[in-house]
Amino acid sequence: MEEINSIEVVPCTESDYLKPFTVHYNQNGTKKSWDFMRTHDSVSVLIFNTTSHCFILVKQFRPAVYMCEWEKSKVQPPTSAEKPEEGAATASESQEGQSATEGESGSQWPPASAGVTYELCAGLVDKPDLSLEEIARQEVLEECGYDVPASKLKKITSYRSGVGVTGAQQTMFYAEVSEDNHVSAGGGEPREGELIEVVKVPLHEAMTFAYDERIPKTMGVIFSFIWFHNNMSPRYKISTNV
């Protein structure tokens with residue numbers, strides 16, 4: 001998963017997943033413009049294994065996260081007060097000897113781990129003939145290897161994500177599984193380019209995991225663990241370590 005190389009960044013001129021637009025409008029008499037991205041809605045699933053009392057998450061490399069980390073590490077161009085001394089190599093001269101592990105401006109590409117995140121099992125709502133529950137069921141089977149009937153998925157809530165850029169809606173479900181319906185190793189759909197690692201988080205370590213900023217994770221993981229602590233934890237009589 002973390003063997004990333006031959007990185008090339010190019011303009012996104014055509015995509016099946018993202019459609020950029022600019023909207024112009026008047027608000028209270030003031031003319032405004034806003035750039036936004038049309039994307040698919042999505043589903044996510046908090047999976048709890050009742051046999052081992054652990055949560056089932058997925059771990060995968062996210063190029064967008066990786067590139068954000070790279071942007072932070074880029075070498076800033078010198079200001080006028082930091083002009084190179086006479087005889088020093090210019091930027092163009094130094095780039096001639098730039099290694100394959102370096103990005104623009106001579107900055108080193110960060111390790112692949114910088115783009116790896118822990119997430120809930122999730123997927124796009126891109127099958128109009130299926131209900132949200134059926135889409136979520138397919139994702140649980142493909143990514144995590146558990147065969148859960150759609151009727152057993154409990155809706156937690158739905159919300160808007162990325163409201164400054166996309167405004168897409170995500171619907172979150174809760175599913176209880178056991179070793180009895182663990183039918184495959186999961187790992188995602190290779191034909192769709194997915195490379196996913198299934199991760200188990202013990203219930204008693206859940207809240208420590210959620211608030212540990214050293215562990216890169218989505219807000220969905222944090223919110224769903226809090227939801228479980230408030231709504232489901234008493235049933236199992238096991239502390240979530242708050």
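## Helix 5

Helix 5 covers residues 219–231, 13 residues in total. At 1.5 Å a residue it should span 18 Å, and its end C-alpha atoms are 18 Å apart, so expectation and model agree. This is a predicted model.

Which residues of helix 5 are buried? They are Gly 220, Val 221, Ile 222, Ser 224, Phe 225, Trp 227 and Phe 228. An α-helix has 3.6 residues a turn, so residues three or four places apart point the same way.

## Nonpolar surface patch

A nonpolar patch lies on the surface. Its members are Phe 21, Val 23, Tyr 25, Trp 34 and Phe 36. Together they have about 430 Å² of accessible area.

Two strands each supply at least two residues of the patch: strand 1 (19–27) and strand 2 (30–38). Strand 1 gives the largest share, three residues. Val 23 is one of the residues in strand 1.

## Cysteines

How many disulfides are there? The count is zero. A disulfide is a covalent bond between the sulfur atoms of two cysteines. The test applied here asks for a pair of cysteine sulfur atoms within 2.5 Å.

Is Cys 54 buried or exposed? Cys 54 is buried, because its relative accessibility is 3% and the cut-off is under 20%. Cys 68 has a relative accessible area of 47%, so it is partly exposed.

Technical notes. Residues numbered from 1 in each chain as written. Predicted model: local features only at pLDDT ≥ 70, side-chain atom pairs only at ≥ 80, totals over all residues. Heavy atoms only, no water. Buried < 20%, exposed > 50% of the residue type's maximum accessible area, 1.4 Å probe, protein only. Patch = residues over 30% accessible without salt bridge, like charges linked within 9 Å, V, L, I, M, F, W, Y side chains within 5 Å. Areas by Shrake-Rupley, 256 points an atom, 1.4 Å probe, with all protein chains shown as cover. Salt bridge = Lys/Arg side-chain N within 4 Å of Asp/Glu carboxyl O. Helix = DSSP H or I, 4+ residues; strand = E, 2+ residues; numbered from the N terminus. Expected span 1.5 Å × (residues − 1).
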